[in-house]
Each structure stands twice: as structure tokens, then as C-alpha cells.
Amino acid sequence: MAGQTITEKILAAHAVEGRASAGETVTVRPDVVLLNDVSGPLAFEGFERMGATRPFDPARIVLVADHFAPAPNVQAAGAIRMTRQFAERHGIAHFYEPGNGGIEHTLLSELGMVGHGGIVFGADSHTCTAGAFNALGIGFGSTDLAAALAMGRLWMRVPESIRVELTGRPGPYVAGKDVILEVIRRIGSDGAADASLEFGGPGVAALSMDARMAVANMAVEAGADTCVFEGDEQSAARQAHFGAAATVPVMADPEARYRARIAIDLGALSPLVAKPPSPAGGVPVEALRGQRVDQVYIGNCANGTITDLRQAAEVLRGRQVAPGVRLVVVPATQRIWRQALAEGLLDMLAAAGAAVSTPTCGACFGGHMGILAAGETAVATTNRNYRGRMGDPDSQVFLANAWVAAAAAVAGEIVSPERLPALEAAA
Amino acid sequence: MSAPMTGRVHRFGDEVNTDVILPGRYLALRRPEDLRAHCMEGLDPGFVGRVQPGDILAVGRNFGCGSSREHAVVALRAAGIGAIVAVSAARIFYRNAVNLGLPVLICPEAALALREGEPAEIDLASATVRQGGAEWRAEPLGEEVRAILAAGGLVQRVRAALAA
């Protein structure tokens, strides 16, 4: 028998058929099913119309009000209410909203429910963020997840894998964001279609768990079905920290077959900025130097981590947001928000002129909390820069890491953080 | 999915993502008639006014990429779209469309050749696309996809399974 990829091994362990080879169609039982206030209500309606009366396992369902939360209008309030009521009716304890929750994918990583070898089915394309934890996060739409709620399983085609071999260590101002922008720049926005991106090699150790989340989060922007990192001491430590049972990382067999291999030397990367209208539009920061910005947005499901907030604060400490520029900072979860408060980061950012928000998906998807007017330009640590993504169809979004985004807020234009004028020595 | 369907063709290019099909600011809406009004608003605000029930989309590469929002499919269906012929389609969008009974045929030759505004015919049973005298054979639909479409959608398929 040929060797197996990480993806094949994890799917096989969850498949009703007991096996999973690339190209096969199998029926998979997830460990966790995840829905939000946008995808959830459509799924709950589908669940009812299916004639289902009870979800497969209330303890393994996580419902998060994060997209239009806190509710900006009456329709959104109704959607959150419907989500809360579904949780109450079916005894689902894992219901989260502003005050105890955060953005679903970051929040899920704090619940101790996803670790090595796990599978999450989420009604959100960025469910692939779970790949950071040596787990498979697989995105679906609402009706598929209505079926998953009812049956505890879904059919899927086992993807081939693309191996991304990481070596070296990232240099100054190079973050997880730059790793994935480089991958997407190279293979294009459908370069990983029908495939799983598997990240491995000695360079994995040089990426923090937050950096791995930033990478995994945007696998779908390369068209990937899902993605997964090799596990190691860091992923095991994070699992233990959040109370998940200790499990052994799932690694690929040496003779596993890949559709393609991509080699990335982290030490050779420079900070990238993805030009609109595609996440595949990555170019070196210098190529866009002088691009004027109206708004800078630091947040979202993979780049509102404590790591991102520390990077932003590092640039903004002792500096000010440029006149005429708005800086919106959105910690991804309540836990991260409180940690940032305890570390003094929120005050430091606010003192520099940032508007610091409660956790929400907010303006990342053009929902609320800072959407763009016609003709406006944003630099954002988010994952999509499609036409009109953050507001008016005639606004534009450049994607970058938190250091680069913070530097743009200070300069009022895209600039390498290294080029900001040096601060005077503290008195 | 027995009788062939006929509709006029509306063409779009590559990388038409779900954000332009149904912009995020409308995601608190759920009713088909409410979503219909905003269908393709991010790309072509006049689209809804031109579509007739049963019309066909001919689209480029990676159609429906991006957000998993099923609202995009609800909006296309409510606007009247009866089938999609694509060079390629993003996985989540493809599943969402099939789950709501909107067939997506993968056929690069047809997707690129179909003429705007003219009627075309789709025969799902044989995965065939026709326009004028031309005929193209699309990728065959998978077994599960055929079963879902035959049931009229995933809700009906699961409903039957739960009742059995």
C-alpha cells in the first residue's frame, strides 16, 4: 500500500468506510461542527425542513455570533436571537457572543476542542484555520451543515495534497501572513483547487502557533479544500494550554504521494502586500510605497491574535496615526482582548489614535464597524481584497501583516516599517 | 433532472467570487426575494433586471470562490438562474448550488463558447450543453451529486433518509 498524506490519515480515521485515499468519495464524521450568525440561521431552517428533531451531538456543536455582532441592525439582532434559541432548544452549551466569545475560528482554538488529528466542519470558508493545529478544518455552506447537524456526517471527496516544505527562519517584519501570500502568489487563487495544502519541514518550528493560524486561514484563498500543518511540541503545548486531551501529531508517510511540492525558504521572504482585487496579487511592500490609505484595519479570524496586536503596538508605540487616516483594531476574541489590556497594548494603540473594537468579524467582510466609502483605500490584515469586499464596489483593500498595516497607519501610505522615521530616545 | 432545460445565456468572466454575487452587507437577510434584489450587485447592478426564469450562466474559472455564503446561491436562484456552465467552480459554491437544486456543469469549451443573450439547452441526464448547432459534453456529475439533484436538493434527500 502506498504511503498516506496527513490529510488522508485524518480523513480515514473519521470515515465511515474506514479508509480515505485521494480521489475517493467517503462519508466523514467530524469531531466538531461550527456555525455562525450568518450561516447558522439558514442551516437551522434547513435542519427543520429536513424533519430533523435533534442534532447529532449537542456537545460537539459550537455556535458563535461573530459576523454581525454586536448586532448593527434589527435583521442581525434577529439572526443572533435565532442562533441563541437554537442553542437553548437543543441544549447546546457552546454558544458564544460578544462578552464571552470572539471570531469563531480563533475562538474555537481556545476551547480545547480541536487538536492533533481532529476534524472541524464549519459553515464558513475560513474553517481551514484549524489546519494550524494539525487538524482538518473543512468549510461548507449552510445546507450541508444542516445535514451535518442532523446526521453527524457528510460525504466528501478525499483531496490530493500539495506539500509545502518550509525551511529557514523569517527575517525582520516577516510574519505568517507573508508565508501564505507567497504561496498564493506562486500558485494562484485556484492553484490548490481540489487539494489539501500540507505544511511541513524544519521551518515549521520557526512559526508560532499564531503565525501558523495566519497561514492556514488563507489556504482557501489558494482554492484549497483544506490544509494541515505537521504537529510538534508547540502544537502539543497549545493543546495542553487550552485543556484539550493530549494526542499524538499525525504525520505523513515518507512515501506519501503529492500532486505537487512547493519549497519556501522563510529566510528569503520579505513582507508582501496583496494588491486588489485578488489575494494572489502579492508584491513586495516597496513596490507599493507611497500608495495612500484612508483606513487601516488590524483584525480578523487569523490576524487579530495577541501576536498581531503586539506587532502593531511595536510600530505604534510612541507614534501617532497620520492625520486623515482611521485605524481600527479588532482583537479576535475576548480572551485576546483581555490579554492585550493586561499587557497595556490597548492603551498604547488607543493613545496612538486607534479605535479599538470588541471582537467581531466586522468590516473584514464589509458588514459593519468600518466599511469603506466609494474611492477609499484600506490596508487590512484580513484575508480577502475582492472588489467591494469591505464596502463600496469602488473601494479597495490591500492585504498585509500587522507590522506593515501599522506602518501604513503612521505614514498615511504604504511603507516598509523599516523606513518609518526613527523615534527620539525616551527621556 | 429528466427534461432538458432551455434559457438565455448570461456571460461572466473568471474569479467571480461570492462577495460580488451577494455583498457581505446583505448577509443578515435570508428571504429569497430580499436577496434577489442584490444579486450580482457588486459586479453588475443591472443583472437582476435582465434575467428571465430559467436563464443560464456561462462563467469562467473558479466561479463562486471565496466566502461559503449560501446566500449567493439563494440570490442566483431567486433571480431566476436555472443552471450554470463553468470553466471551473469553487468547491463550496458547487456543493451549495447542488444542495439547493441548482446544477453546475463543468465544461470549459461550452463555458467559453456560449453566446451572450442567445438561448441554450442543457440536458443534465447526459451532461450535455447545446446552442445553435453546437453541442458540448460536460464532466459527468458524480453519483452523490446526481442523487441530490434527483431528490430536488439536499433538504429533500436528508428528509427522505431520516423518514426511512
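Predicted model: local features only at pLDDT ≥ 70, side-chain atom pairs only at ≥ 80, totals over all residues.
Let's start with strand β3 of chain A, residues 61–64. Which way do its side chains point? A:Ile61 and A:Leu63 point one way, while A:Val62 and A:Val64 point the other way.

Now for the neighbours. On one hand we have strand β2 of chain A, residues 32–36, which runs parallel to β3(A) and is joined to it by 4 bridges. Within that pairing, A:Leu35 has A:Leu63 as its bridge partner. Between these strands comes helix α2 of chain A, residues 39–49, and together β2(A), α2 and β3(A) form a right-handed β-α-β unit.

Then there is strand β4 of chain A, residues 95–96, also parallel to β3(A), with 2 bridges joining the two. Here A:Leu63 turns up again, standing opposite A:Phe95. To get from β3(A) to β4(A), the chain passes through helix α3, residues 74–89, in a right-handed β-α-β crossover.

Let's move on to the two chains together. How many residues does each chain bring to the contact? Chain A brings 46 residues and chain B brings 36. On the chain B side, the elements giving two or more residues are α1 (18–21), α5 (91–99) and α8 (154–163). Of these, α8(B) gives the most, with 6 residues.

Terms used: Residues numbered from 1 in each chain as written. Chains lettered and ligands numbered in written order. Contact = placed C-beta atoms within 7 Å. Buried ≥ 20, exposed ≤ 12 C-beta atoms within 10 Å, placed from the backbone. Pairing = 2+ DSSP bridges. Right-handed = clockwise from strand over helix to strand, strands pointing away.
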